[in-house]
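Reader: I am new to reading structures and would like to look closely at one part. Please keep it friendly and take it step by step.

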Amino acid sequence: MKFDSPATTNAIDQLKVIGQPVSRIDGPRKTTGTAPYAFERHDAVPDPAYGYVVGSAISKGRIDAIDLTAAKTAPGVLAVVTADNAGKLAKGSRNFAALLGGPDIEHYHQAIAVVVAETFEQARAAAQLVKVDYSRAEGVFELAAVADAGNPAEGNSGPADTQVGDFSGAFAAAPVKLDATYTTPDEAHAMMEPHASTAAWNGETLTVWTSNQMIDWGATDLAETLGIAREKVRLISPFIGGGFGGKLFLRADALLAALGARAAGRPVKVALHRPLMFNNTTHRPATIQRIRLGATKDGKITAIGHECWSGNLPGGKPEAAVEQTRLLYAGANRMTNIRLSALDLPEGNAMRAPGEASGMMALEIAIDEMAEKLGLDPVEFRILNDTQVDPEKPQRPFSLRRFTECFETGAARFGWSKRNAQPGKVRDGNWLVGLGTAAAFRNNLLTKSAARVRLDGRGVVTVETDMTDIGTGSYTIIAQTAAEMMGVPLEKVVVHLGDSTFPVSAGSGGQWGGNNSTAGVYAACMKLREAVAQRLGFNSAEADFIDGQVRSGTRSVPLVQAAGDIELVAEDGIEYGDLGKMVQQSTFGAHFVEVGVDTATAEIRVRRMLAVCSAGRILNPKTARSQVIGAMTMGVGAALMEELVVDKRHGFFVNHDLAGYEVPVHADIPHQDVIFLDETDPMSSPMKAKGIAELGICGVAAAVANAIYNATGVRVRDYPITLDKLLPRLPEVG
């Protein structure tokens, strides 16, 4: 199905199932422990062996010699695979570094061997017996030291540099100016389920049960890496214990499970142990960001400039932290730059809202600082500089932009009018109390997505698509879509996901999964409706599918009769034309946060949080809210605690486990309110929906930072905002 004109009234608009707060249909399996994850596929693979990964002990250099003698003769060992005996391996098109290193080493904990044994304990013990001699090379591990040498690099969806008007001249002439630099640290995905895979060969055909967000990408890159035909690789990933972008791409666990299984001649399962996850896989790269704002005395932005520096392995991509600045606020004179430096740290790549999450951590503090210089309320300043068109391309309007309404709604609900504009003046016992706000922004990304739908003689509708569910509720909203389209109750829908033999979907990432995957199911259901109508003798354009019946005029036939003794099968997908190029499609929001800061210790407590979101039709308010509060929680972590600490001598992340890498726990998070504006966006898809999962994190950290400033008068521009950055500057209190 080609989507090239705005959606009109369709079957989804009935909202009998879609739009309802349905509990996740996969919930019972997950809460009872019966959902099979990748490392636990005993049901599919009998008697698997265990692989244990050996990671490089240096960050850059070469392996001079590797002695496997003791490891190979250790109890239970079946095989040891290294680059020397793995056979010829390519590098997948989406990998920046080789997943199996040697003799060259590109980063710390790059996999250099997998030891396969009868038990996990035997494999782990034997892995300690692998002896490696290295020649260490000089590496570059500090962004600040090489930022000035960074080269222009394209972002996620735009060029390295943009220029509109005369930024330099307008900034120099502006009556009120801000010129500030902000830093964000390296961050880890730290999902609960590790990167894990179970692999089995049947002749030349490989099946991998894995934890991967993008099935087609993973299968294609695994085939490319192994040098075998794509049709010889099957990836299965029905349940994923968190990804956040860290499982978008093929990782070492899948490749080494496949290599280990081939070498051992039996199925092998591999899970990256927790310390290996931080340095072996990917992370959100650190940034240095300079923001310059110029405005008239009445608060109109006349100049806005945003520059970002980040680092990555050679061939890697930048953290494109300026892209939201190109679209978020009005201003005639604009400049953005993205610069990338080569670093010898582990690979930087996508983490929830790549670019915008980091960029808004800086931009939304800068906006607050500018509002203070102008003597304007931060909400008022943001509303004053709203725009209904793309500021870089004024001829292109937004498809739907209710930015102002997000702030007005949130301010009223949160009690923003009671905020004391003078920092450090509100006390609650030993706590200094402050309120902060920030905008939320994330683009709505459109990508084709397909599905297969079946109707059997019992009236059961089965959906098959390689879409994944990373805890986001994909199973549920896909089932709701099929139920709505075919006019059956939810109990009559079965959803199968995460199998590369199914039609290729959008996959889970970039908050594109919900809207696009359900649109693909919509398209497949439209095909199935045509087949049903034809079989029952209806005009498909006039037939309604309601309450298990197919109706037209005065005639009504049970849906179950359409299949009879056979099974009706339809397959289709959604493809997008030029509609998305005619308008700018984005999602918007406003975050409000209240914090308390202890007057003696500088301990920070988040007391209240509110997010107001404008993201098209909300397909399931319950699962959508879950996504937003999870994102808000990650935003608190980014603001107050998350930081991968770099050993600048040896080039690795020191705190590479969940004891040293701090993330929010229940006691850190208060009750969170979420408001969804009631809306549809017909320009987006037949579902009239947009993404929501990443919008929820964008701006949260800045709202926390702004609240801390309002509470204390201490402005921190370097994340995370830890006690040592506040204590020396806390106001004197009586």
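Reader: Does histidine 109 count as buried or exposed? After that, please take a close look at helix α11.

Author: Happy to! Before we start, this is a predicted model, in which local features need pLDDT of at least 70 and side-chain atom pairs count only at pLDDT 80 or more, while totals for chains, interfaces and linings use all residues. Residues are numbered from 1 along each chain as its sequence is written, and side-chain values use heavy atoms, with hydrogens and water left out.

Histidine 109 counts as buried, because its relative accessibility is 12%. Buried means under 20% relative accessible area, exposed means over 50%, and partly exposed lies in between (1.4 Å probe, protein chains only). Histidine 109 sits in the loop between β5 and β6 (111-117). Although histidine 109 is not a glycine, its phi is positive, near 60°.

β5 itself belongs to an open, antiparallel sheet of three strands in the order β5-β3-β7. β5 and β7 (131-136) are at the edges with a single partner strand each, so one side of each has no neighbour in the sheet. Two strands pair if DSSP finds at least two bridges between them; β3 (residues 61-67) and β7 have six. Alanine 65 stands opposite aspartate 133 in β7.

Now to α11. This helix covers residues 403-414, twelve in number, and reaches 17 Å from its first C-alpha to its last, close to the 16 Å expected at 1.5 Å a residue. That expected span is 1.5 Å times one less than the number of residues.

Which residues of α11 are buried? They are Phe403, Thr404, Cys406, Phe407, Gly410, Ala411 and Phe414. These residues cover an arc of only 160° around the axis, which puts them on the same side of α11. The arc is that of the directions from the helix axis to the C-beta atoms. An α-helix has 3.6 residues a turn, so residues three or four places apart point the same way. On the other side of α11, Ala412 and Arg413 are exposed. Just after the helix comes glycine 415, with a positive phi of about 75°.

What covers the buried side? The cover includes α10 (378-384), β21 (431-443), β29 (586-598) and β30 (604-614), where contact means heavy atoms within 4.5 Å.

Let us follow β30, one of these covering elements. Eight of its eleven residues are buried, so β30 is mostly covered. β30 pairs with β29 in the antiparallel sense over ten bridges, and arginine 605 in β30 is the bridge partner of glycine 596. The two strands form a hairpin with five residues between them, and alanine 602 in the turn has a positive phi of about 70°. β30 also pairs with β33 (residues 672-676), here in the parallel sense over five bridges. In that pairing, cysteine 613 stands opposite phenylalanine 676 in β33. Strands of a sheet pair through backbone hydrogen bonds, either parallel or antiparallel.

Key:
Helices (H or I, at least four residues) and strands (E, at least two) are DSSP runs, numbered from the N terminus.
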